[in-house]
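Hi everyone, thanks for coming. Let me put the sequence and the structure up on the screen.

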Amino acid sequence: MLFRSATPNALFATAFDQGVLRAEVAADGALGPLAPAGIPGPATELAQEGAHLVVGDVTGVVRAFALDGAGSVTPRGATTLDGPVLQLRVRGDRAFAALGSSGAAELDLATSPPTVVRRVDVPCVATAIDALDGAWLVGCPTGIVLLDVRSQPRIAGFRVARHGSLDVRLLPNARALA
């Protein structure tokens with residue numbers, strides 16, 4: 001089970017074939033019991049920012065949901081990508097997916113269902129992703145790749161890893177691209 005997303009009132013977790021589970025968060029921060037969130041399986045990855053909640057699985061399906069302030073979800077459609085969804089990240093109205101040996105993809109969450117904006121081949125097995133201001137940071141078992149996607153996608157940097165990357169993050173104040 002992966003705990004990947006929270007609102008002020010709820011914590012969401014993937015439970016593989018059981019789908020997405022939800023725990024209420026009390027005012028004092030105590031968690032209630034996990035219960036089905038109304039999103040059936042399979043669900044192996046999820047990400048949330050603002051009113052967007054996205055759920056992915058190993059078959060490449062990404063499902064988008066609108067999330068209200070109380071943590072209730074409304075389906076907005078699904079898109080099938082060409083690789084297993086190993087990690088998702090939401091930034092504004094965009095979702096980014098690490099797709100293993102199939103690279104990485106950007107989806108527009110303002111459309112229903114979400115549409116693929118671009119897919120980029122990465123010279124490694126993409127296991128993690130983040131994006132900010134035209135830069136994509138992709139984590140792989142062999143290293144971390146920085147992609148400049150402001151126009152034609154290109155590799156802007158690579159750092160060999162001592163260990164595989166299960167998560168990467170671009171910080172808002174960092175200048176990844178010159």
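I'll talk about a disulfide, the nonpolar cores and one aspartate.

First, some ground rules: this is a predicted model, where local features need pLDDT of at least 70, side-chain atom pairs count only at pLDDT 80 or more, and totals for chains, interfaces and linings use all residues. Residues are numbered from 1 along each chain as its sequence is written, and side-chain values use heavy atoms, with hydrogens and water left out.

So, how many disulfides does the structure hold? There's 1, and by disulfide I mean a pair of cysteine sulfur atoms within 2.5 Å. Here Cys124 is joined to Cys140, S to S 1.9 Å. They sit 16 residues apart, Cys124 in the loop between β12 and β13, Cys140 in the loop between β14 and β15. Strands are DSSP runs (E, at least two residues), numbered from the N terminus.

Is Cys140 buried or exposed? It's buried, at a relative accessible area of 0%, because buried means under 20% (1.4 Å probe, protein chains only).

Cys140 also belongs to the largest nonpolar core, of 15 residues, and is listed with Trp136 and Leu147 among those with the most contacts inside it. A nonpolar core is a set of buried Ala, Val, Leu, Ile, Met, Phe, Trp, Tyr and Cys residues joined through side-chain atoms within 4.5 Å. Another core, of 14 residues, lies apart from that one and includes Leu81 and Ala105.

Last stop: Asp108, in strand β11. Asp108 is buried too, at 17%, and its side chain reaches the backbone nitrogen of Ala110 at 2.8 Å.

Methods
Helix = DSSP H or I, 4+ residues; strand = E, 2+ residues; numbered from the N terminus. Buried < 20%, exposed > 50% of the residue type's maximum accessible area, 1.4 Å probe, protein only. Polar contact = N/O pair within 3.5 Å; in protein donor to acceptor, adjacent residues only side chain to side chain.
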